[in-house]
Amino acid sequence: MKSLHVETATAADAAAVIDAVTLAFSGDPMARWSWADPTLYLATFPRFARAFGGVAFERGTAHRVGYIGAALWRAPGVYPDGEKMGVLMAETIPPALQKDGEKLMEQMNRFHPQEPHWYLPLIGIDPAHQGKGLGGALLRHQLAICDRDGAPAYLESSNPRNIGLYERHGFEALGYIQAGSSPTMVPMLRKPQRRT
């Protein structure tokens with residue numbers, strides 16, 4: 001990789017960006033608990049990513065490094081397509097996991113900050129390019145905006161391997177989210193940093 005240059009991902013970039021994020025989450029504990037069957041995962045995750053974070057393409061808050069890594073941010077006061085999310089989850093999550101999924105959502109809502117904040121629903125790097133600093137570049141890009149504006153940032157880490165990355169960028173764990181047979185997610189908040 002020659003450059004860690006971060007660009008805004010437009011609607012024209014959406015399909016390629018969603019493909020990269022789908023690859024990135026193919027080994028994610030929560031994603032694969034939700035859709036363990038590979039065919040179901042590949043058919044569902046792109047739709048999930050669009051419902052959960054796709055508004056970032058419309059708002060100019062989707063960022064990419066080439067087409068191998070991306071972060072889909074939601075600005076303060078911007079929400080996912082709740083109706084699409086609900087229908088998608090009801091149609092694709094195995095019935096045995098539905099109750100646990102509902103409990104996870106309730107816990108996520110309890111941890112979510114009430115104050116205006118930037119929310120990172122999805123960040124991912126194509127596994128063939130992980131470990132090259134792309135995730136850090138994507139985080140630094142948006143967190144500089146958060147710091148400039150004095151805004152906190154929030155996320156839920158669904159993969160324990162990523163917690164150290166988030167901590168290095170100023171996020172702090174708030175607790176744990178887990179229900180039934182689900183993996184554990186870690187809600188994390190980053191307060192705005194003073195610029196020196």
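Helices α3 and α5 are roughly antiparallel to each other. That word covers angles over 145 degrees; under 35 is roughly parallel, 65 to 115 roughly perpendicular, and the rest oblique. This is a predicted model, with local features needing pLDDT of at least 70 and side-chain atom pairs 80 or more, while totals for chains, interfaces and linings use all residues. Residues are numbered from 1 along each chain as its sequence is written, and side-chain values use heavy atoms, leaving out hydrogens and water.

Start with that helix pair. α3 spans residues 38-53, and α5 spans residues 82-92. Their axes come within 9 Å and cross at roughly 165 degrees. (Axes are lines fitted to C-alpha atoms, for helices over the stretch in contact; angles run from 0 to 180 degrees between N-to-C directions. Helices, H or I with at least four residues, and strands, E with at least two, are DSSP runs numbered from the N terminus.)

Which residues in α3 meet α5? They are Leu40, Thr44, Arg47, Phe48, Ala51 and Phe52. Across from them, α5 brings Lys84, Met85, Leu88, Met89, Glu91 and Thr92. Contact here means heavy atoms within 4.5 Å.

Now α3 with α1. The axes of these two helices come within 10 Å. They cross at roughly 120 degrees, so this pair is oblique. From α1 come Ala14, Ala15, Ile18, Val21 and Thr22. From α3 come Tyr41, Leu42, Phe45, Pro46, Ala49 and Arg50.

On to the sheet. Pairing takes at least two DSSP bridges between two strands.

Let me walk in from β1. β1 and β2 (residues 62-65) pair in the antiparallel sense over two bridges. There, Thr8 stands opposite His63 in β2. β2 and β3 also pair in the antiparallel sense, over four bridges. In that pairing, Arg64 stands opposite Ala70 in β3. The hairpin of β2 and β3 has three residues between the strands. In this hairpin, Gly66 takes a positive phi near 55 degrees.

Is β2 covered on one face or on both? Both faces are covered. In a regular strand, side chains alternate between the two faces of the sheet. On one side of β2, Ala62 and Arg64 are buried; on the other, His63 and Val65 are buried. (Buried is under 20% relative accessible area, exposed over 50%, partly exposed in between, with a 1.4 Å probe and protein chains only.)

How do the helices meet the sheet?

Last stop: Leu122, in strand β4. Leu122 is buried, with a relative accessible area of 2%. What does Leu122 touch, leaving aside its neighbours within four places in sequence? The list is Val21, Phe25, Phe45, Phe48, Ala49, Phe52, Ala70, Ala71 and Leu72. One of these, Val21, is also among the α1 residues that meet α3. Finally, Leu122 and Ala153 are 31 residues apart in sequence and 13 Å apart in space, C-alpha to C-alpha.
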